[in-house]
Amino acid sequence: MRIRPSEITPEPVYHARREFLAGIAGLGAAALLARPAPAEELVNVALVQRLQYKRNPRYTTTGKANSFSDVTGYNNFYEFGTGKEDPSRNAGSLRPRPWSVLVDGECEDKGRYALEDLLKPHALEERIYRLRCVEAWSMVIPWIGFPLGDLVKRFRPTSRAKFIEFTTLLDPKQMPGQRYAVLDWPYVEGLRMDEAMHPLAILAVGLYGQVLPNQNGAPLRLVVPWKYGFKSIKSIVRIRFTERMPATTWALSAPQEYGFYANVNPEVDHPRWSQARERRIGSDSLLSRRPTLKFNGYGDEVAGLYAGMDLARNF
């Protein structure tokens with residue numbers, strides 16, 4: 001279903017008022033346009049840099065998209081602090097350019113790839129996805145990126161590759177939250193190969209028409225809309241193809257609470273709270289919650305990936 005422009009954000013907020021040419025190391029000057037953000041929407045972003053992309057009408061929602069302020073000011077990114085506002089305050093120390101990603105494991109085209117080399121063949125598209133966090137809050141975000149599966153094919157995984165492991169940057173100087181043993185750093189996440197190849201899974205490089213702000217996972221993050229938000233790893237520096245299921249950060253930290261699959265399932269409660277209802281950030285009060293949709297509303301597309309699995313046991 002298509003979302004009406006009036007349901008997203010007012011046009012003057014979505015589009016900046018002045019336009020100028022700017023380049024970003026890693027993406028290429030020809031692919032980018034830069035515009036200053038409206039002051040009321042700016043959250044710890046010194047310069048808003050616009051992206052060229054096309055909206056994909058297949059991937060959208062009838063829900064009203066959250067504002068730029070919501071999306072950039074209320075985040076889970078423990079590398080910059082455990083509070084929801086900490087990332088927007090502290091992520092200015094991250095240097096997202098230049099950036100490279102190590103690709104290794106069970107694939108034929110191993111190597112270290114500069115970000116611009118990863119992005120060059122891919123046309124960027126905007127997809128409006130729901131994001132559901134395990135703490136029972138949600139947002140609707142216009143991500144900009146490209147299908148993860150397209151990138152996976154480039155590296156020619158071998159027949160032994162059953163999973164993909166992703167790793168976040170480890171640098172306490174840039175990421176002050178890593179100076180504390182809140183988690184076992186660096187952050188690691190993973191997907192089964194068929195999950196990674198599903199067309200809904202994307203690698204995002206922007207949102208709301210512009211390059212990802214640091215607090216949202218610059219310069220490269222995963223977005224898996226049918227899973228809880230912690231699966232969508234940020235600031236990726238390594239992609240490794242493995243035969244065995246990766247040991248992921250939250251599954252190691254609290255295995256009784258966070259499993260590998262992390263599919264949104266309102267029928268399975270978190271040990272410390274119910275997952276049956278959720279609060280939409282920016283629009284709902286604490287007393288106004290909506291029912292949580294199984295697979296975050298993407299069941300028609302992804303339920304077949306888990307046919308025959310016990311989703312209470314494989315949570």
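The following legends describe close-up views of a predicted model.

**Figure 1. Overview of the predicted chain.** The chain comprises 315 residues, of which 58% are buried. Its secondary structure amounts to 8 helices and 16 strands. Among contacts with a sequence separation of 6 or more, 70% are made by residues 24 or more positions apart.

**Figure 2. The largest nonpolar core.** This core contains 83 residues. The members that touch the most other members are Trp143, Leu148, Phe166, Leu222, Trp226, Ile239 and Phe241. Strand S8 (residues 137-147) supplies the largest share of the core, with 7 residues. For Ile239, the contacts beyond four places in sequence include Val101, Leu102, Val103 and Asp104. Ile239 is also in contact with Leu151, Ile164, Glu165 and Phe166.

**Figure 3. The two cysteines Cys107 and Cys133.** Is Cys107 buried or exposed? Cys107 has a relative accessibility of 2% and therefore counts as buried. Cys133, with a relative accessibility of 5%, counts as buried as well.

**Figure 4. The open five-stranded sheet.** The 5 strands of this open sheet follow the order S6-S5-S14-S9-S10, and their pairing is mixed. Strand S6 (111-114) and strand S10 (188-192) stand at the edges; each has a single partner strand, so one side of each is left without a neighbour in the sheet. On average, neighbouring strands are turned by 20 degrees against each other, direction ignored. Strand S9 (residues 163-168) and S10 run antiparallel and are joined by 5 bridges. One of the residues involved is Phe163, whose bridge partner in S10 is Arg192.

**Figure 5. Strand S15 between its partners S8 and S16.** S8 and strand S15 (residues 277-280) run parallel and are joined by 2 bridges. Here Trp137 has Arg279 of S15 as its bridge partner. S15 is also joined by 2 bridges to strand S16 (residues 290-291), and this pair runs antiparallel.

Figure 6. Glu125 belongs to strand S7 (residues 125-133). Is Glu125 buried or exposed? Its relative accessibility is 16%, and because buried means under 20% relative accessible area, Glu125 counts as buried. The side chain of Glu125 makes a polar contact with the side chain of Arg127, at 2.5 Å. Beyond residues up to four places away in sequence, Glu125 touches Tyr53, Lys54, Asn56 and Tyr59, among others. Trp143, Ile144 and Gly145 are likewise touched by Glu125.

Figure 7. Ser67 is placed in the loop between strand S4 (54-55) and helix H2 (68-73). With a relative accessible area of 21%, Ser67 is partly exposed. A polar atom of the Ser67 side chain lies 3.0 Å from the backbone nitrogen of Asp70. Which separations relate Ser67 to Gly282 in sequence and in space? The two residues are 215 residues apart in sequence and 7.9 Å apart in space, C-alpha to C-alpha.

**Figure 8. Two cis peptide bonds.** The peptide bond from Arg97 to Pro98 is cis, with omega near -5 degrees. Pro98 is found in the loop between helix H3 (86-90) and strand S5 (100-105). The peptide bond from Trp185 to Pro186 is cis, with omega near 0 degrees. Pro186 lies in the loop between S9 and S10.

Figure 9. Phe295 lies in the loop between S16 and H8. Asn296 is placed in this loop, between S16 and helix H8 (299-302). What is phi of Phe295? It is near 55 degrees, a positive value in a residue other than glycine. Phi of Asn296 is near 60 degrees, again positive in a residue other than glycine. Phe295 counts as buried at 5% relative accessibility, and Asn296 is buried with a relative accessible area of 3%. Leaving aside neighbours within four places in sequence, Asn296 is in contact with Arg130, Leu131 and Arg132, and with Pro225, Trp226 and Val264. Trp226 is also one of the core residues that touch the most other members.

Definitions and conventions:
Residues are numbered from 1 along each chain as its sequence is written. This is a predicted model: local features need pLDDT of at least 70, side-chain atom pairs count only at pLDDT 80 or more; totals for chains, interfaces and linings use all residues. Side-chain values use heavy atoms; hydrogens and water are left out. A nonpolar core is a set of buried Ala, Val, Leu, Ile, Met, Phe, Trp, Tyr and Cys residues joined through side-chain atoms within 4.5 Å. Buried means under 20% relative accessible area, exposed over 50%, partly exposed in between (1.4 Å probe, protein chains only). Helices (H or I, at least four residues) and strands (E, at least two) are DSSP runs, numbered from the N terminus. Contact means heavy atoms within 4.5 Å. Two strands pair if DSSP finds at least two bridges between them. Axes are lines fitted to C-alpha atoms, for helices over the stretch in contact, and angles run from 0 to 180 degrees between N-to-C directions. A polar contact is a pair of N or O atoms within 3.5 Å; within protein, one must be able to donate a hydrogen and the other to accept it, and residues adjacent in sequence count only if both atoms are side-chain atoms.
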